[in-house]
Amino acid sequence: MTARRCAVLFGVCLAAMAVFLGAGCEQDTGVQVGAAEKQSQPDDQLWAQKRPPIPDLPIPVGFKLNEGQSRSFAAAGARYVDHVYKGKDDKFAVARFYKAQMPRSRWVLVTDMFIQGEVVLDFEKETERCRVVLSGGGLLKGVRLHIVLWTSGRIPTPPGAKKKK
């Protein structure tokens, strides 16, 4: 009788673990979800900070600016940004975040690369270029987010200014 009780208790524990770990059976409702619908709502969707340091450069929630390695300035219609952030999200999820969020600030993706463990995304907007580099990651190591923005073309003359001849 004791062996029988142990076997029943063991079976109950296994069933409870299966339910707890999500290994339970899924019920087929007959409704199929297309692959496009599954991709439109990823489980690892990131959200943008409400007030990022640079208004038209979105930063995922949870990423912190490393002030000791960052700098930015603006002068005469040109700007330069060189910011480093640290976060714990997957670098590929962060790359998807930038591909979705940058167009909301009128940035256009022009290059998407994966080179020796780094994700490199280049964006353009008017006379500016922005490079987003994602490196690191893994279980114990956070993701390093490096954003560099610079004026790439001729700086337009401000309205009302006299043009040189």
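Student: How much of the protein chain is made up of buried residues?
Tutor: This is a predicted model, so local features need pLDDT of at least 70 and side-chain atom pairs count only at pLDDT 80 or more, while totals for chains, interfaces and linings use all residues. Residues are numbered from 1 along each chain as its sequence is written, and side-chain values use heavy atoms, with hydrogens and water left out. Buried means under 20% relative accessible area, exposed over 50%, and partly exposed in between (1.4 Å probe, protein chains only). Of the 165 residues in the protein chain, the buried share is 27%.

Student: What covers the buried residues of α3?
Tutor: The buried residues in this helix are Lys91, Ala93, Val94, Ala95, Phe97, Tyr98 and Gln101. An α-helix has 3.6 residues a turn, so residues three or four places apart point the same way. Contact means heavy atoms within 4.5 Å, and the cover over those α3 residues includes β5, β6 and β7.

Student: Which residue caps the N-terminal end of α3?
Tutor: A polar contact is a pair of N or O atoms within 3.5 Å; within protein, one must be able to donate a hydrogen and the other to accept it, and residues adjacent in sequence count only if both atoms are side-chain atoms. At the start of α3, a side-chain oxygen lies 3.2 Å from the backbone nitrogen of Phe92, and the capping residue that owns this oxygen is Asp90.

Student: How far is Gly142 from Asp90, C-alpha to C-alpha?
Tutor: Gly142 sits in the loop between β6 and β7. Its relative accessible area is 13%, so Gly142 is buried. Beyond four places in sequence, Gly142 touches Lys86, Gly87, Ser135, Gly136 and Gly137. Gly142 and Asp90 are 52 residues apart in sequence, and in space their C-alpha distance is 8.4 Å.

Student: Which side chain makes a polar contact with that of Asp82?
Tutor: Asp82 belongs to strand β3, and Asp82 is buried because its relative accessible area is 10%. Leaving out neighbours within four places in sequence, its contacts are Gln69, Ser70, Arg71, His146, Ile147 and Val148. The polar contact spans 2.5 Å, and the partner is His146.

Student: And Lys125: which backbone oxygen does its side chain reach?
Tutor: Lys125 is part of strand β5. With a relative accessible area of 9%, Lys125 counts as buried. Among the residues Lys125 touches, beyond four places in sequence, are Asp56, Arg79 and Trp107. The side chain reaches, at 3.2 Å, the backbone oxygen of Ser105.

Student: What is phi of Arg106 near?
Tutor: Most residues other than glycine have a negative phi, and most peptide bonds are trans. Arg106 lies in the loop between α3 and β4 (108-115), and Arg106 is exposed, with a relative accessible area of 52%. Its phi is positive although the residue isn't glycine, at near 70°.

Student: What about Ala76: buried or exposed?
Tutor: Ala76 is in the loop between β2 (71-75) and β3. Its phi is also a positive value in a residue other than glycine, near 50°. The relative accessible area of Ala76 is 76%, which means it's exposed.

How values were computed:
Helix = DSSP H or I, 4+ residues; strand = E, 2+ residues; numbered from the N terminus.
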